[in-house]
Amino acid sequence: MDQASQYVYILRCSDGTLYTGWTNNLERRLEAHNSGEGAKYTRSRRPVELVYSEAYVTKSEAMSREAEIKKMRRAEKLMLIEGKDQRLLEDERYMRAALREAEKAAKIGEVPIGCVIVSQGRIVGRGYNRRNTRKTTLAHAEMIAIDQASRRLGDWRLEGCTMYVTLEPCQMCSGALVQSRIDRCVVGAMNPKAGCVGSLIDIPGMPLWNHTVEITRGVLEEECSKILKLFFKELRQRVKRDKVEMI
Ligand SMILES: [Zn+2]
């Protein structure tokens, strides 16, 4: 489904050794490594743990990167892994800021989705879903954050910026990601019913555009989906209560 994504990955095996590979389905590949079926090189070194991954658009890019990593000394590989950990910490920090935006939406009865845009280590745009209060479909969290960042930076081109959003963007917002030339988008929870960054379709990852957006998925996924689940649970209870009162 997600044909634009090829992954290079490093596993830490049970004996401490590192194994490098590439795949177009990271989840299934990990399962194979851990079950031992179809992954013979790690079979005697199970269980394995995923410690690093990079996403590429084409198979040949992923394969040449895999070859590059395989040639690295162990110390170099460890540095690569640690660098990634640093980035993950930073991603989590900004995703928390996006979650705080989502909470603002929940407070006014809007579906809690939040977004921040970061440029050179500072937040230049914030937004939370205000579709009902503003009565316009354009008031998605991402659109508001893009608008704010563009005003602040004085340019519609948001090159060098990273967007952090608590829920996988829709078709409009993922189109805006490409249009605004944002470098990278970090997604919290996926949206299997309407998401356009890998769920239904992968708009920013399509190789058709002259600008592609690097996507990182699943950062603070649990927190991001919890806030939505809680919102809808309370909404259902409220509807039920109102019905009872009407009777
Ligand atoms: Zn949207």
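Residue numbers start from 1 along each chain as its sequence is written. Because the model is predicted, local features need pLDDT of at least 70 and side-chain atom pairs count only at pLDDT 80 or more, while totals for chains, interfaces and linings use all residues.

The chain has seven helices and eight strands; these are DSSP runs numbered from the N terminus, with helices being H or I of at least four residues and strands E of at least two. Along the principal axes, the C-alpha atoms fill a box of roughly 65 × 50 × 30 Å. Of the 247 residues in the chain, 31% are buried. A residue is buried if 20 or more other C-beta atoms, placed from the backbone, lie within 10 Å of its own, exposed if 12 or fewer do, and partly exposed in between. Among contacts with a separation of 6 or more, 58% join residues 24 or more positions apart; two residues are in contact if their C-beta atoms, placed from the backbone, lie within 7 Å.

Three strands form an open antiparallel sheet in the order β2-β1-β3, where two strands pair if DSSP finds at least two bridges between them. Strands β2 (18-23) and β3 (49-56) are at the edges with a single partner strand each, so one side of each has no neighbour in the sheet. Neighbouring strands are turned by 20 degrees against each other on average, direction ignored. Strand β1 (residues 6-12) is joined to β3 by seven bridges, and Leu 11 stands opposite Leu 50 in β3.

Two helices meet this sheet. Helix α2 (residues 59-71) lies across β1, β2 and β3, at about 25 degrees to β1. Helix α3 also touches β1, β2 and β3, and its direction makes about 80 degrees with that of β3. For these angles, axes are lines fitted to C-alpha atoms, for helices over the stretch in contact, and the values run from 0 to 180 degrees between N-to-C directions.

Gly 114 has Tyr 128 in β5 as its bridge partner. Two residues separate the strands of this hairpin, in which Gln 120 takes a positive phi near 45 degrees.

Helix α3 (residues 74-107) has another partner: its axis and that of α7 (residues 221-246) come within 11 Å and cross at roughly 5 degrees. The two are therefore roughly parallel, the term for angles under 35 degrees. Leu 99, Ala 102 and Ala 106 of α3 meet Glu 223, Cys 224, Ile 227 and Phe 231 of α7.

The largest nonpolar core has 42 residues, and Ala 98, Ile 117, Ala 145, Met 163, Tyr 164, Val 165 and Cys 185 have the most contacts inside it. Such a core is a set of buried Ala, Val, Leu, Ile, Met, Phe, Trp, Tyr and Cys residues joined through C-beta atoms within 7 Å. At least two residues each come from α3, β4 (114-119), α5 (141-153), β6 (161-167), α6 (171-179), β7 (184-189) and α7. Another core of 10 residues lies apart from the largest one, and includes Ile 10, Leu 11, Trp 22 and Tyr 56.

Technical notes: Parallel < 35°, antiparallel > 145°, perpendicular 65-115°, else oblique.
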